[in-house]
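Student: I've got a model open on my screen and I'd like to learn how to read it. Can you walk me through it, one feature at a time?

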Amino acid sequence: MFEKEIDADDIDDINNITEIFRIMESLGVSRKGLRTLDEMKRRVKETIRLKKKSSWTAKEVRFSRSGSVSTVE
């Protein structure tokens, strides 16, 4: 496992295929159909961005007639 959280921008600095394999494995990313290091990097970055986006908390916003706003988680 990795000691720090991997950010999509960190992936551009990787030039070692063994390291990208380890990252892909830890994220549960399939290597099927990927042939080059750049293809693997692209897939990892997409996965990281999707995971970050899906980790946001959805909230319901309610507006009252008086103009106040409240959120419900």
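Tutor: Let's begin with how the elements are named: helices and strands are DSSP runs, numbered from the N terminus. Lysine 45, for instance, sits in helix α3, which spans residues 37–54. Keep in mind that this is a predicted model.

Student: How many helices and strands does the protein have, and what pattern do they follow along the sequence?

Tutor: There are 3 helices and 2 strands. Going along the sequence, you read α-α-α-β-β.

Student: Since it's predicted, where is the confidence lowest and where is it highest?

Tutor: For that you look at pLDDT, the predictor's confidence in each residue, from 0 to 100. The protein averages 79, with 67% of its residues at 70 or more. Among the elements, α2 has the highest mean, 91, while strand β2 (residues 69–72) has the lowest, 53. Where pLDDT is low, the predicted coordinates should not be read in detail.

Student: Okay, back to lysine 45. Is it buried or exposed?

Tutor: The cut-off you need is that buried means under 20% relative accessible area. Lysine 45 comes in at 18%, so it counts as buried.

Student: What does the side chain of lysine 45 make a polar contact with?

Tutor: With the side chain of aspartate 12, at 2.8 Å. The pair also forms a salt bridge, with 2.8 Å between the closest N and O atoms. Lysine 45 is in helix α3 and aspartate 12 is in the loop between α1 and α2, so the pair ties together parts that are 33 residues apart in sequence. The count of salt bridges comes to 1.

Student: And aspartate 12, how does its accessibility count?

Tutor: As partly exposed, because its relative accessibility is 42%. If you leave out residues up to four places away in sequence, lysine 45 touches Ala8, Ile11 and Asp12.

Student: Which residues make up the largest nonpolar core?

Tutor: The idea is to look for buried nonpolar residues joined through their side chains. Here the largest such core has 12 residues, including Ala8, Ile11, Met24, Val44 and Ile48. The elements that give two or more residues to this core are α1 (8–11), α2 (17–27) and α3.

Student: Take valine 44 from that list. What does it touch?

Tutor: Skipping residues up to four places away in sequence, valine 44 touches Ile11, Ile20, Ile23, Met24 and Leu27.

Student: How much of the protein counts as buried?

Tutor: Of its 73 residues, 21% do. As for the surface, the accessible area comes to about 6,100 Å², and 47% of that belongs to carbon and sulfur atoms.

Student: Let's look at arginine 43. Where is it, and what is it in contact with?

Tutor: Arginine 43 is in helix α3. At 29% relative accessibility, it counts as partly exposed. Setting aside neighbours within four places in sequence, arginine 43 is in contact with Val29, Ser30, Lys32 and Leu34.

Student: Which side chain reaches the backbone oxygen of arginine 43?

Tutor: That of threonine 47, at 2.9 Å. Threonine 47 is in helix α3 too, and at 15% relative accessibility it counts as buried.

Student: You mentioned arginine 31. Where is that one found?

Tutor: In the loop between α2 and α3. Arginine 31 has a relative accessible area of 40%, so it is partly exposed. Leaving aside neighbours within four places, arginine 31 is in contact with Phe21 and Met24. Between the C-alpha atoms of arginine 31 and valine 44 there are 9.9 Å, with the two 13 residues apart along the chain.

Student: Then what about phenylalanine 21: which helix is it in, and what does it touch?

Tutor: Phenylalanine 21 is in helix α2. With a relative accessible area of 29%, it is partly exposed. Not counting residues up to four places away, phenylalanine 21 touches Arg31 and Met40. Try the distance to leucine 37 as well: C-alpha to C-alpha, phenylalanine 21 is 9.5 Å away, at a separation of 16 residues in sequence.

Technical notes
Residues numbered from 1 in each chain as written. Predicted model: local features only at pLDDT ≥ 70, side-chain atom pairs only at ≥ 80, totals over all residues. Heavy atoms only, no water. Helix = DSSP H or I, 4+ residues; strand = E, 2+ residues; numbered from the N terminus. Buried < 20%, exposed > 50% of the residue type's maximum accessible area, 1.4 Å probe, protein only. Polar contact = N/O pair within 3.5 Å; in protein donor to acceptor, adjacent residues only side chain to side chain. Contact = heavy atoms within 4.5 Å. Core = buried A, V, L, I, M, F, W, Y, C linked by side-chain atoms within 4.5 Å. Salt bridge = Lys/Arg side-chain N within 4 Å of Asp/Glu carboxyl O. Areas by Shrake-Rupley, 256 points an atom, 1.4 Å probe, with all protein chains shown as cover.
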